[in-house]
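Here is a short briefing to read alongside the structure. Keep the view open and find each place as it comes up.

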Amino acid sequence: MKSVISELSILVTDDSLTQRQYAKELCSDLGVKDLHDAANGADALKVLEARSVDVVLVDLEMPIMDGVELIRSMAQKKMTSSVIILSAKDPILIASVGTMAEADGLHVLGTFQKPLLPDALECSLLRFIQDIKNQASEPKAPVENEVTALELSEALANGELTLAFQPKLTVHGLMLKGVEALARWRHPQKGAISPGVFIPLAERHGMIDALTRNLLQLAFEHKRSWQNYGLRFNLAFNLSPLSLADSDMVDWLCKLTEDYGISPSEVTFEVTENALLGELASAIRTLARLRLKGFHISIDDYGTGFANAQQLSRVPATELKIDRSLVHRAAARPQQRTILASTVDLAKKLNLTTVAEGVETEEDFRIITDLGVDLVQGYYLSKPLFPDDLLVWIKSGLSQLRRQQEQK
Ligand code: C2E
Ligand code: CA
Ligand code: CA
(Lines give C-alpha, C1' and ligand atoms only; values in the text may rest on other atoms or scores of the structure.)
(Ligands and ions follow the chains in the order given, each with its own letter.)
Protein backbone atom coordinates (compact mmCIF):
# COMPACT_ATOMS: atom_id res chain seq x y z
CA MET A 1 0.00 0.00 0.00
CA LYS A 2 1.38 3.40 -0.97
CA SER A 3 1.53 5.59 2.08
CA VAL A 4 3.35 8.68 0.84
CA ILE A 5 3.15 10.89 -2.23
CA SER A 6 6.71 10.14 -3.32
CA GLU A 7 5.74 6.52 -4.01
CA LEU A 8 3.04 7.41 -6.52
CA SER A 9 3.35 7.02 -10.25
CA ILE A 10 1.96 9.95 -12.20
CA LEU A 11 1.26 10.63 -15.86
CA VAL A 12 1.13 14.26 -16.98
CA THR A 13 -0.76 14.89 -20.22
CA ASP A 14 -0.57 18.31 -21.86
CA ASP A 15 0.19 19.41 -25.40
CA SER A 16 2.29 22.33 -24.21
CA LEU A 17 5.85 21.31 -23.40
CA THR A 18 6.21 24.19 -20.94
CA GLN A 19 3.05 23.20 -19.07
CA ARG A 20 4.12 19.58 -19.02
CA GLN A 21 7.48 20.45 -17.57
CA TYR A 22 5.92 22.77 -15.04
CA ALA A 23 3.53 20.04 -13.82
CA LYS A 24 6.33 17.49 -13.67
CA GLU A 25 8.46 19.89 -11.66
CA LEU A 26 5.63 20.33 -9.17
CA CYS A 27 5.44 16.54 -8.84
CA SER A 28 9.22 16.25 -8.45
CA ASP A 29 9.16 18.91 -5.75
CA LEU A 30 6.78 16.62 -3.86
CA GLY A 31 9.30 13.80 -4.21
CA VAL A 32 7.56 11.86 -6.99
CA LYS A 33 10.05 9.86 -9.03
CA ASP A 34 7.87 7.64 -11.20
CA LEU A 35 6.82 10.35 -13.67
CA HIS A 36 5.60 10.02 -17.25
CA ASP A 37 4.27 12.46 -19.77
CA ALA A 38 2.29 12.57 -23.00
CA ALA A 39 1.42 15.35 -25.43
CA ASN A 40 -2.05 14.11 -26.34
CA GLY A 41 -4.67 11.52 -25.42
CA ALA A 42 -3.47 8.91 -27.88
CA ASP A 43 0.09 9.00 -26.51
CA ALA A 44 -1.28 8.92 -22.97
CA LEU A 45 -3.19 5.72 -23.76
CA LYS A 46 0.03 4.15 -25.04
CA VAL A 47 1.78 4.95 -21.76
CA LEU A 48 -1.16 3.54 -19.80
CA GLU A 49 -1.17 0.37 -21.88
CA ALA A 50 2.49 -0.20 -21.06
CA ARG A 51 2.37 0.38 -17.30
CA SER A 52 -0.01 1.04 -14.49
CA VAL A 53 -0.16 4.61 -13.27
CA ASP A 54 -1.80 5.82 -10.05
CA VAL A 55 -2.85 9.31 -11.06
CA VAL A 56 -3.29 10.95 -14.46
CA LEU A 57 -3.25 14.73 -14.87
CA VAL A 58 -5.53 15.43 -17.83
CA ASP A 59 -5.40 18.65 -19.81
CA LEU A 60 -8.68 19.12 -21.65
CA GLU A 61 -7.41 20.94 -24.74
CA MET A 62 -5.02 18.72 -26.66
CA PRO A 63 -4.73 17.91 -30.37
CA ILE A 64 -5.32 14.40 -31.87
CA MET A 65 -7.21 13.13 -28.83
CA ASP A 66 -8.48 15.68 -26.32
CA GLY A 67 -8.91 15.26 -22.58
CA VAL A 68 -12.61 14.44 -22.77
CA GLU A 69 -11.95 11.58 -25.20
CA LEU A 70 -9.00 10.41 -23.12
CA ILE A 71 -11.16 10.25 -19.98
CA ARG A 72 -13.82 8.26 -21.83
CA SER A 73 -11.26 5.78 -23.20
CA MET A 74 -9.57 5.38 -19.83
CA ALA A 75 -12.91 4.63 -18.22
CA GLN A 76 -13.95 2.18 -20.94
CA LYS A 77 -10.65 0.35 -20.74
CA LYS A 78 -10.62 0.56 -16.94
CA MET A 79 -7.06 1.80 -17.15
CA THR A 80 -6.61 3.98 -14.14
CA SER A 81 -9.10 5.09 -11.60
CA SER A 82 -7.86 8.50 -10.50
CA VAL A 83 -7.58 11.72 -12.49
CA ILE A 84 -6.91 15.40 -11.91
CA ILE A 85 -8.58 17.53 -14.58
CA LEU A 86 -7.00 20.77 -15.76
CA SER A 87 -7.89 23.36 -18.32
CA ALA A 88 -7.48 27.00 -19.17
CA LYS A 89 -11.20 27.08 -20.04
CA ASP A 90 -14.01 28.26 -17.83
CA PRO A 91 -14.58 26.59 -14.46
CA ILE A 92 -18.10 25.40 -15.27
CA LEU A 93 -16.81 23.41 -18.24
CA ILE A 94 -14.04 21.83 -16.18
CA ALA A 95 -16.48 20.91 -13.43
CA SER A 96 -18.92 19.37 -15.88
CA VAL A 97 -16.18 17.22 -17.38
CA GLY A 98 -15.37 16.17 -13.82
CA THR A 99 -18.99 15.13 -13.27
CA MET A 100 -18.91 13.20 -16.55
CA ALA A 101 -15.69 11.43 -15.53
CA GLU A 102 -17.26 10.37 -12.23
CA ALA A 103 -20.35 9.13 -14.02
CA ASP A 104 -17.99 7.03 -16.16
CA GLY A 105 -16.61 5.47 -12.99
CA LEU A 106 -13.33 7.36 -12.71
CA HIS A 107 -12.20 8.82 -9.43
CA VAL A 108 -11.77 12.58 -9.73
CA LEU A 109 -9.20 13.89 -7.26
CA GLY A 110 -9.61 17.50 -8.33
CA THR A 111 -10.70 19.79 -11.16
CA PHE A 112 -8.68 22.97 -11.57
CA GLN A 113 -8.27 25.94 -13.80
CA LYS A 114 -4.67 26.41 -14.95
CA PRO A 115 -2.12 27.16 -13.72
CA LEU A 116 -2.05 24.21 -11.35
CA LEU A 117 -0.97 25.42 -7.94
CA PRO A 118 1.42 23.36 -5.77
CA ASP A 119 -1.03 23.21 -2.84
CA ALA A 120 -3.89 22.04 -5.05
CA LEU A 121 -1.73 19.27 -6.47
CA GLU A 122 -0.52 18.16 -3.06
CA CYS A 123 -4.05 18.10 -1.60
CA SER A 124 -5.30 16.03 -4.54
CA LEU A 125 -2.49 13.51 -4.18
CA LEU A 126 -2.98 13.27 -0.43
CA ARG A 127 -6.61 12.52 -1.11
CA PHE A 128 -5.52 9.63 -3.33
CA ILE A 129 -3.39 8.20 -0.50
CA GLN A 130 -6.22 8.65 1.98
CA ASP A 131 -8.58 6.81 -0.38
CA ILE A 132 -6.25 3.82 -0.67
CA LYS A 133 -6.10 3.64 3.11
CA ASN A 134 -9.88 3.85 3.38
CA GLN A 135 -10.31 1.12 0.79
CA ALA A 136 -7.91 -1.12 2.67
CA SER A 137 -9.76 -0.66 5.96
CA GLU A 138 -13.30 -0.92 4.57
CA PRO A 139 -14.77 -4.39 4.36
CA LYS A 140 -15.35 -5.33 0.74
CA ALA A 141 -18.93 -4.74 -0.37
CA PRO A 142 -20.62 -8.06 -1.08
CA VAL A 143 -21.35 -8.67 -4.72
CA GLU A 144 -24.90 -7.54 -5.44
CA ASN A 145 -27.06 -10.61 -5.50
CA GLU A 146 -29.40 -11.16 -8.39
CA VAL A 147 -33.01 -11.08 -7.30
CA THR A 148 -36.12 -11.73 -9.32
CA ALA A 149 -39.46 -9.94 -9.47
CA LEU A 150 -41.06 -13.08 -8.03
CA GLU A 151 -38.78 -12.98 -4.99
CA LEU A 152 -39.59 -9.32 -4.50
CA SER A 153 -43.32 -9.94 -4.63
CA GLU A 154 -42.93 -12.73 -2.06
CA ALA A 155 -40.86 -10.45 0.14
CA LEU A 156 -43.59 -7.84 -0.04
CA ALA A 157 -46.24 -10.38 0.87
CA ASN A 158 -44.13 -11.77 3.74
CA GLY A 159 -43.33 -8.36 5.17
CA GLU A 160 -39.59 -8.79 4.55
CA LEU A 161 -39.20 -5.17 3.49
CA THR A 162 -38.38 -2.80 6.30
CA LEU A 163 -37.28 0.80 6.75
CA ALA A 164 -34.19 2.52 8.04
CA PHE A 165 -34.35 6.20 8.98
CA GLN A 166 -31.65 8.77 8.40
CA PRO A 167 -31.74 11.95 10.50
CA LYS A 168 -32.12 15.35 8.82
CA LEU A 169 -30.59 17.97 11.13
CA THR A 170 -30.44 21.74 11.19
CA VAL A 171 -26.99 22.95 10.21
CA HIS A 172 -27.08 25.44 13.07
CA GLY A 173 -27.48 23.77 16.42
CA LEU A 174 -27.90 20.25 15.04
CA MET A 175 -31.57 20.04 15.95
CA LEU A 176 -33.41 16.94 14.73
CA LYS A 177 -35.74 18.28 12.06
CA GLY A 178 -36.87 14.98 10.62
CA VAL A 179 -35.88 11.57 9.31
CA GLU A 180 -35.87 10.13 5.80
CA ALA A 181 -37.33 6.64 5.44
CA LEU A 182 -35.15 4.36 3.29
CA ALA A 183 -36.35 0.97 2.13
CA ARG A 184 -34.38 -2.07 3.26
CA TRP A 185 -34.61 -5.71 2.22
CA ARG A 186 -32.70 -8.55 3.82
CA HIS A 187 -33.25 -11.64 1.72
CA PRO A 188 -33.10 -14.78 3.91
CA GLN A 189 -30.44 -16.42 1.70
CA LYS A 190 -29.01 -13.63 -0.41
CA GLY A 191 -28.55 -11.06 2.34
CA ALA A 192 -29.06 -7.31 2.04
CA ILE A 193 -30.35 -6.15 -1.33
CA SER A 194 -29.89 -2.46 -2.14
CA PRO A 195 -32.93 -0.26 -2.85
CA GLY A 196 -30.97 0.84 -5.91
CA VAL A 197 -31.69 -2.70 -7.16
CA PHE A 198 -35.15 -3.57 -5.91
CA ILE A 199 -36.89 -0.19 -6.39
CA PRO A 200 -36.18 -0.19 -10.16
CA LEU A 201 -37.19 -3.88 -10.20
CA ALA A 202 -40.52 -2.97 -8.61
CA GLU A 203 -40.94 -0.12 -11.09
CA ARG A 204 -40.27 -2.39 -14.07
CA HIS A 205 -42.66 -5.10 -12.88
CA GLY A 206 -45.67 -3.06 -11.86
CA MET A 207 -45.07 -3.51 -8.13
CA ILE A 208 -44.06 -0.02 -7.15
CA ASP A 209 -47.50 1.12 -6.01
CA ALA A 210 -47.90 -1.95 -3.81
CA LEU A 211 -44.40 -1.46 -2.42
CA THR A 212 -44.94 2.25 -1.79
CA ARG A 213 -48.23 1.71 0.00
CA ASN A 214 -46.80 -1.12 2.07
CA LEU A 215 -43.79 0.95 3.19
CA LEU A 216 -45.78 4.12 3.76
CA GLN A 217 -48.01 2.25 6.13
CA LEU A 218 -44.95 0.93 7.95
CA ALA A 219 -43.44 4.43 8.09
CA PHE A 220 -46.64 5.84 9.55
CA GLU A 221 -46.72 3.09 12.16
CA HIS A 222 -43.26 4.18 13.28
CA LYS A 223 -44.19 7.84 13.23
CA ARG A 224 -47.23 7.14 15.38
CA SER A 225 -45.12 5.24 17.90
CA TRP A 226 -42.59 8.12 18.04
CA GLN A 227 -45.47 10.52 18.63
CA ASN A 228 -46.61 8.28 21.45
CA TYR A 229 -43.17 8.76 23.02
CA GLY A 230 -43.65 12.50 22.64
CA LEU A 231 -41.22 12.74 19.76
CA ARG A 232 -42.39 14.99 16.97
CA PHE A 233 -40.29 15.37 13.90
CA ASN A 234 -40.87 15.32 10.19
CA LEU A 235 -41.04 12.08 8.22
CA ALA A 236 -39.64 12.16 4.68
CA PHE A 237 -40.58 9.46 2.23
CA ASN A 238 -39.33 8.81 -1.31
CA LEU A 239 -41.98 8.67 -4.00
CA SER A 240 -41.26 6.97 -7.32
CA PRO A 241 -42.06 9.09 -10.38
CA LEU A 242 -44.54 6.33 -11.25
CA SER A 243 -46.46 6.98 -8.04
CA LEU A 244 -47.07 10.52 -9.18
CA ALA A 245 -49.18 9.08 -11.97
CA ASP A 246 -51.22 6.99 -9.48
CA SER A 247 -54.33 9.16 -9.29
CA ASP A 248 -55.78 7.38 -6.22
CA MET A 249 -52.63 7.91 -4.20
CA VAL A 250 -53.52 11.33 -2.79
CA ASP A 251 -56.91 10.28 -1.44
CA TRP A 252 -55.46 7.07 -0.07
CA LEU A 253 -52.72 9.07 1.67
CA CYS A 254 -55.12 11.52 3.26
CA LYS A 255 -57.13 8.64 4.66
CA LEU A 256 -53.94 7.00 5.95
CA THR A 257 -52.80 10.15 7.79
CA GLU A 258 -56.22 10.37 9.43
CA ASP A 259 -56.16 6.71 10.42
CA TYR A 260 -52.73 7.09 12.02
CA GLY A 261 -53.36 10.50 13.57
CA ILE A 262 -50.53 12.09 11.64
CA SER A 263 -50.49 15.69 10.47
CA PRO A 264 -49.67 16.08 6.75
CA SER A 265 -47.57 19.10 7.72
CA GLU A 266 -45.16 16.65 9.37
CA VAL A 267 -44.72 14.57 6.22
CA THR A 268 -42.47 15.36 3.24
CA PHE A 269 -42.50 13.51 -0.06
CA GLU A 270 -39.19 13.43 -1.89
CA VAL A 271 -39.35 13.24 -5.67
CA THR A 272 -36.31 13.25 -7.90
CA GLU A 273 -35.57 16.15 -10.16
CA ASN A 274 -35.86 13.94 -13.22
CA ALA A 275 -39.34 12.75 -12.26
CA LEU A 276 -40.44 16.26 -13.03
CA LEU A 277 -39.21 16.14 -16.58
CA GLY A 278 -41.27 13.20 -17.84
CA GLU A 279 -45.03 13.34 -17.49
CA LEU A 280 -44.74 16.79 -16.05
CA ALA A 281 -48.43 17.68 -16.15
CA SER A 282 -49.64 14.66 -14.20
CA ALA A 283 -46.71 14.89 -11.80
CA ILE A 284 -47.46 18.52 -11.04
CA ARG A 285 -51.16 17.76 -10.59
CA THR A 286 -50.38 15.11 -7.95
CA LEU A 287 -47.80 17.30 -6.23
CA ALA A 288 -50.14 20.28 -6.19
CA ARG A 289 -52.87 18.18 -4.59
CA LEU A 290 -50.42 16.89 -1.98
CA ARG A 291 -49.40 20.46 -1.19
CA LEU A 292 -53.02 21.53 -0.90
CA LYS A 293 -53.56 18.79 1.67
CA GLY A 294 -50.63 20.21 3.64
CA PHE A 295 -47.84 17.74 2.83
CA HIS A 296 -44.37 19.06 2.03
CA ILE A 297 -42.63 18.33 -1.27
CA SER A 298 -38.90 18.01 -1.68
CA ILE A 299 -36.98 17.93 -4.96
CA ASP A 300 -34.48 15.14 -4.45
CA ASP A 301 -31.05 14.52 -6.00
CA TYR A 302 -30.95 18.08 -7.31
CA GLY A 303 -27.92 18.60 -9.50
CA THR A 304 -27.95 15.18 -11.16
CA GLY A 305 -30.65 15.95 -13.68
CA PHE A 306 -31.48 18.65 -16.11
CA ALA A 307 -34.24 20.69 -14.54
CA ASN A 308 -33.67 24.39 -15.09
CA ALA A 309 -34.69 27.23 -12.82
CA GLN A 310 -37.93 27.78 -14.69
CA GLN A 311 -38.98 24.13 -14.38
CA LEU A 312 -38.10 24.25 -10.71
CA SER A 313 -40.21 27.31 -10.11
CA ARG A 314 -43.25 25.50 -11.60
CA VAL A 315 -43.08 22.66 -9.09
CA PRO A 316 -45.03 23.26 -5.90
CA ALA A 317 -42.02 22.25 -3.81
CA THR A 318 -41.04 23.38 -0.33
CA GLU A 319 -37.54 21.94 -0.18
CA LEU A 320 -34.54 21.36 -2.42
CA LYS A 321 -32.19 18.48 -1.66
CA ILE A 322 -28.81 19.08 -3.15
CA ASP A 323 -27.29 15.86 -4.39
CA ARG A 324 -24.21 14.34 -2.84
CA SER A 325 -22.30 14.74 -6.11
CA LEU A 326 -22.45 18.53 -5.68
CA VAL A 327 -21.86 18.50 -1.93
CA HIS A 328 -19.21 15.91 -1.20
CA ARG A 329 -15.69 17.26 -1.61
CA ALA A 330 -16.84 20.66 -2.82
CA ALA A 331 -14.17 22.19 -0.58
CA ALA A 332 -11.45 20.74 -2.78
CA ARG A 333 -13.10 21.69 -6.06
CA PRO A 334 -13.52 25.41 -6.56
CA GLN A 335 -15.80 25.02 -9.59
CA GLN A 336 -18.06 22.56 -7.82
CA ARG A 337 -18.17 24.94 -4.88
CA THR A 338 -19.31 27.71 -7.21
CA ILE A 339 -22.12 25.58 -8.60
CA LEU A 340 -23.10 24.55 -5.08
CA ALA A 341 -23.18 28.17 -3.95
CA SER A 342 -25.36 29.24 -6.87
CA THR A 343 -27.70 26.30 -6.27
CA VAL A 344 -28.16 27.36 -2.65
CA ASP A 345 -28.75 30.88 -3.87
CA LEU A 346 -31.37 29.77 -6.40
CA ALA A 347 -33.19 27.70 -3.78
CA LYS A 348 -33.30 30.65 -1.41
CA LYS A 349 -34.70 32.90 -4.15
CA LEU A 350 -37.41 30.31 -4.79
CA ASN A 351 -38.10 30.23 -1.05
CA LEU A 352 -37.16 26.60 -0.70
CA THR A 353 -35.62 25.01 2.37
CA THR A 354 -32.18 23.74 1.40
CA VAL A 355 -30.90 20.31 2.39
CA ALA A 356 -27.39 19.09 1.69
CA GLU A 357 -27.20 15.33 1.38
CA GLY A 358 -24.20 13.05 1.42
CA VAL A 359 -22.21 15.14 3.89
CA GLU A 360 -19.43 12.73 4.73
CA THR A 361 -16.63 14.81 6.21
CA GLU A 362 -15.93 17.76 8.44
CA GLU A 363 -14.81 19.62 5.32
CA ASP A 364 -18.18 18.98 3.62
CA PHE A 365 -19.98 20.13 6.73
CA ARG A 366 -17.94 23.31 6.99
CA ILE A 367 -18.65 24.32 3.43
CA ILE A 368 -22.40 23.90 3.67
CA THR A 369 -22.36 25.82 6.94
CA ASP A 370 -20.49 28.65 5.21
CA LEU A 371 -22.98 28.64 2.34
CA GLY A 372 -25.95 28.97 4.67
CA VAL A 373 -27.62 25.64 3.87
CA ASP A 374 -30.56 24.97 6.22
CA LEU A 375 -30.55 21.22 6.78
CA VAL A 376 -28.00 18.47 6.55
CA GLN A 377 -28.00 14.74 6.09
CA GLY A 378 -25.08 12.36 5.69
CA TYR A 379 -22.78 9.79 7.18
CA TYR A 380 -20.79 12.53 8.95
CA LEU A 381 -23.78 13.03 11.25
CA SER A 382 -25.56 9.70 11.12
CA LYS A 383 -26.04 6.72 8.85
CA PRO A 384 -29.57 5.45 8.23
CA LEU A 385 -30.67 3.68 11.44
CA PHE A 386 -33.20 0.97 12.18
CA PRO A 387 -35.98 2.18 14.51
CA ASP A 388 -34.50 0.87 17.79
CA ASP A 389 -31.09 2.35 16.99
CA LEU A 390 -32.72 5.63 16.01
CA LEU A 391 -34.27 5.94 19.47
CA VAL A 392 -30.91 5.26 21.14
CA TRP A 393 -29.29 7.84 18.85
CA ILE A 394 -31.92 10.45 19.70
CA LYS A 395 -31.42 9.78 23.42
CA SER A 396 -27.64 9.79 23.51
CA GLY A 397 -25.92 9.90 20.12
CA LEU A 398 -27.29 13.26 19.14
CA SER A 399 -26.10 15.15 22.20
CA GLN A 400 -22.71 13.49 21.87
CA LEU A 401 -22.56 14.69 18.28
CA ARG A 402 -23.38 18.24 19.38
CA ARG A 403 -20.64 18.17 22.00
CA GLN A 404 -18.12 16.93 19.44
CA GLN A 405 -19.15 19.68 17.05
CA GLU A 406 -18.85 22.37 19.73
CA GLN A 407 -15.30 21.30 20.44
CA LYS A 408 -14.31 21.84 16.80
P1 C2E B 1 -31.91 8.89 -1.97
O2 C2E B 1 -33.34 9.22 -1.80
O3 C2E B 1 -31.05 9.92 -2.59
O4 C2E B 1 -31.38 8.47 -0.53
C5 C2E B 1 -30.11 8.78 -0.06
C6 C2E B 1 -29.17 7.63 -0.24
O7 C2E B 1 -27.86 8.04 0.12
C8 C2E B 1 -29.46 6.44 0.65
O9 C2E B 1 -29.06 5.28 -0.05
C10 C2E B 1 -28.56 6.70 1.86
O11 C2E B 1 -28.26 5.54 2.57
C12 C2E B 1 -27.35 7.24 1.17
N13 C2E B 1 -26.54 8.14 2.01
C14 C2E B 1 -26.92 8.88 3.05
N15 C2E B 1 -25.90 9.62 3.54
C16 C2E B 1 -24.83 9.33 2.75
C17 C2E B 1 -23.47 9.78 2.76
O18 C2E B 1 -23.03 10.60 3.56
N19 C2E B 1 -22.67 9.25 1.79
C20 C2E B 1 -23.13 8.34 0.87
N21 C2E B 1 -22.27 7.86 -0.01
N22 C2E B 1 -24.42 7.92 0.84
C23 C2E B 1 -25.24 8.41 1.77
P24 C2E B 1 -29.99 3.99 -0.12
O25 C2E B 1 -30.68 3.75 1.18
O26 C2E B 1 -29.16 2.88 -0.70
O27 C2E B 1 -31.10 4.41 -1.15
C28 C2E B 1 -30.82 4.59 -2.51
C29 C2E B 1 -31.98 5.20 -3.23
O30 C2E B 1 -33.07 4.29 -3.32
C31 C2E B 1 -32.56 6.43 -2.55
O32 C2E B 1 -31.75 7.54 -2.86
C33 C2E B 1 -33.93 6.49 -3.18
O34 C2E B 1 -33.87 7.10 -4.45
C35 C2E B 1 -34.27 5.03 -3.37
N36 C2E B 1 -35.18 4.61 -2.29
C37 C2E B 1 -34.89 4.20 -1.04
N38 C2E B 1 -36.00 3.89 -0.36
C39 C2E B 1 -37.04 4.13 -1.19
C40 C2E B 1 -38.47 4.01 -1.09
O41 C2E B 1 -39.03 3.65 -0.04
N42 C2E B 1 -39.22 4.35 -2.19
C43 C2E B 1 -38.64 4.76 -3.36
N44 C2E B 1 -39.44 5.07 -4.40
N45 C2E B 1 -37.30 4.91 -3.49
C46 C2E B 1 -36.51 4.58 -2.43
CA1 CA C 1 -34.44 10.85 -0.96
CA1 CA D 1 -31.12 12.06 -2.78
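In which helix is Thr 212 found? Thr 212 sits in helix 8, which covers residues 208-228. The model is predicted.

**Thr 212**
- Thr 212 is buried, because its relative accessible area is 3%, and buried means under 20%.
- Its side chain reaches the backbone oxygen of Ile 208 at 2.7 Å.
- Beyond its neighbours within four places in sequence, Thr 212 is in contact with Phe 237, Leu 239, Ser 243 and Met 249.

**Helix 14**
- Which residues of helix 14 (residues 362-370) are buried? They are Asp 364, Phe 365, Ile 367 and Ile 368.
- Seen down the helix axis, these buried residues fall within an arc of 165°, so they line one face of helix 14.
- An α-helix has 3.6 residues a turn, so residues three or four places apart point the same way.
- The cover over the buried residues of helix 14 includes helix 13 (334-349) and helix 15 (387-406).
- After helix 14 comes Gly 372, with a positive phi near 80°.

**Ligand 1**
- Ligand 1 is surrounded by 20 residues; Ala 183, Arg 184, Arg 324, Glu 360 and Tyr 379 are the closest.
- A polar side-chain atom of Asn 238 lies 3.0 Å from an oxygen atom of ligand 1.
- A polar backbone atom of Tyr 379 is 2.8 Å from an oxygen atom of the ligand.
- The protein covers 81% of the 800 Å² of accessible area that ligand 1 has on its own.
- Strand 7 gives the largest share of the shell, 4 residues.
- By class, the shell holds 8 nonpolar, 5 polar and 7 charged residues.

How values were computed. Residues numbered from 1 in each chain as written. Chains lettered and ligands numbered in written order. Predicted model: local features only at pLDDT ≥ 70, side-chain atom pairs only at ≥ 80, totals over all residues. Heavy atoms only, no water. Helix = DSSP H or I, 4+ residues; strand = E, 2+ residues; numbered from the N terminus. Buried < 20%, exposed > 50% of the residue type's maximum accessible area, 1.4 Å probe, protein only. Polar contact = N/O pair within 3.5 Å; in protein donor to acceptor, adjacent residues only side chain to side chain. Contact = heavy atoms within 4.5 Å. Arc of directions from axis to C-beta. Near = heavy atom within 4 Å. Areas by Shrake-Rupley, 256 points an atom, 1.4 Å probe, with all protein chains shown as cover. Nonpolar A, V, L, I, M, F, W, Y, C, P; charged D, E, K, R; others polar.
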